[in-house]
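Me: I have a two-chain model open and would like to learn how to read its interface. Could you take me through it step by step?

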Amino acid sequence: MSLRRQGTTLFSAMLAFVGAAVVLQLWLLTVSVEALLSGAYKTLIPAAAGSSTLLLINAGLLRYVFRFDRDAHGE
Amino acid sequence: MNTPDEEQGCAGCQAKATPKWRQDFPVEWEGDHYVTRREMVKFLTLGSLLLASANWATVVASRLLHRGSHAERFIGSASALEKAGSVLFRYPTDADPCIAVRTPEGKLVAYSQVCTHLSCAVVYDKAENGLFCPCHHGLFNLTGQPIAGPPTRPLSRVQLEQRGDQLFAVGMEAL
């Protein structure tokens, strides 16, 4: 199996994970905006922290994609 | 004359010779799937960055909105409150209607008048001993908790101070 074919499979799995994380972040944003408008400020920082954690996970996966891509170009 | 690579059937030589732009615009389906999925992961991560930034922007916005809420403001006299049962005032800004009530136990409480359902103004209902929203018949008790109707979140509480006969709003409690 070529590295590129492995990459296609791997990126499909990553897509599913990153897509789910982005949907979760979208939900966190709607919760935050609703909390902001209703004055429930205590919800905002945990929601932002959760969203940032998901961003870090996504950024880590993207870094892996870049490294994988570099290796695939050199195949 | 064949090069040594061609003689050995070097698989990677073709890829090495191909410029990067050409690898990003492949002809074969396999290469196309690889590129489109990789690009989609990049695009979604950018979206993730924007969503996290927007979440932190709500935190900043809450700080800006909440900043002036510790300013002290005279809201009326205690004698007027005893007479009417409730006093309407605006706090922390002129765009924020609030209501102060003396409970049957004699405790002084004040809340934002904005119903947490659809932002109608709540009024004091002496018979129900609570704050009533006439739009959709929501009812809050005098601790600000919703007890009937569509509202599910409590009212924002205003901190009060009584100095002699004068009443002052001194802050908003975050929910």
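Me: Let's start with charges. How many salt bridges does the rule find across the interface of chain B and chain A?

Reply: A salt bridge is a side-chain nitrogen of Lys or Arg within 4 Å of a carboxyl oxygen of Asp or Glu. Across the interface of chain B and chain A, the rule finds one. Glu34(A) pairs with Arg153(B), and their closest N and O atoms are 3.1 Å apart. Before we go on, please note that this is a predicted model: local features need pLDDT of at least 70, side-chain atom pairs count only at pLDDT 80 or more, and totals for chains, interfaces and linings use all residues. Residues are numbered from 1 along each chain as its sequence is written, chains are lettered from A and ligands numbered from 1 in the order in which they are written, and side-chain values use heavy atoms, with hydrogens and water left out.

Me: Which elements give two or more residues to the side of chain B that touches chain A?

Reply: Helices (H or I, at least four residues) and strands (E, at least two) are DSSP runs, numbered from the N terminus. On chain B, the elements are helix H2 (12–17), helix H3 (20–23) and helix H4 (29–66). H4(B) brings the largest share, 26 residues.

Me: How many residues are in contact between the two chains?

Reply: Contact means heavy atoms within 4.5 Å. Here, 36 residues of chain B are in contact with 45 residues of chain A.

Me: And how is the size of an interface often given?

Reply: It is often given as the accessible area lost when the parts come together. Buried area is that loss, taken with a 1.4 Å probe and summed over both parts. Chain B and chain A bury about 3,600 Å² between them, with 66% of it on carbon and sulfur atoms. Tyr34(B), Leu51(B) and Asn55(B) supply 20% of the area that chain B buries against chain A, more than any other three residues.

Me: Is Arg157(B) buried or partly exposed?

Reply: Arg157(B) is partly exposed because its relative accessible area is 23%. Arg157(B) lies in strand S9 (residues 157–163) of chain B. Beyond its neighbours within four places in sequence, Arg157(B) is in contact with residues including Lys107(B), Tyr111(B) and Glu173(B).

Definitions and conventions: Buried area = accessible area lost by both parts, 1.4 Å probe. Buried < 20%, exposed > 50% of the residue type's maximum accessible area, 1.4 Å probe, protein only.
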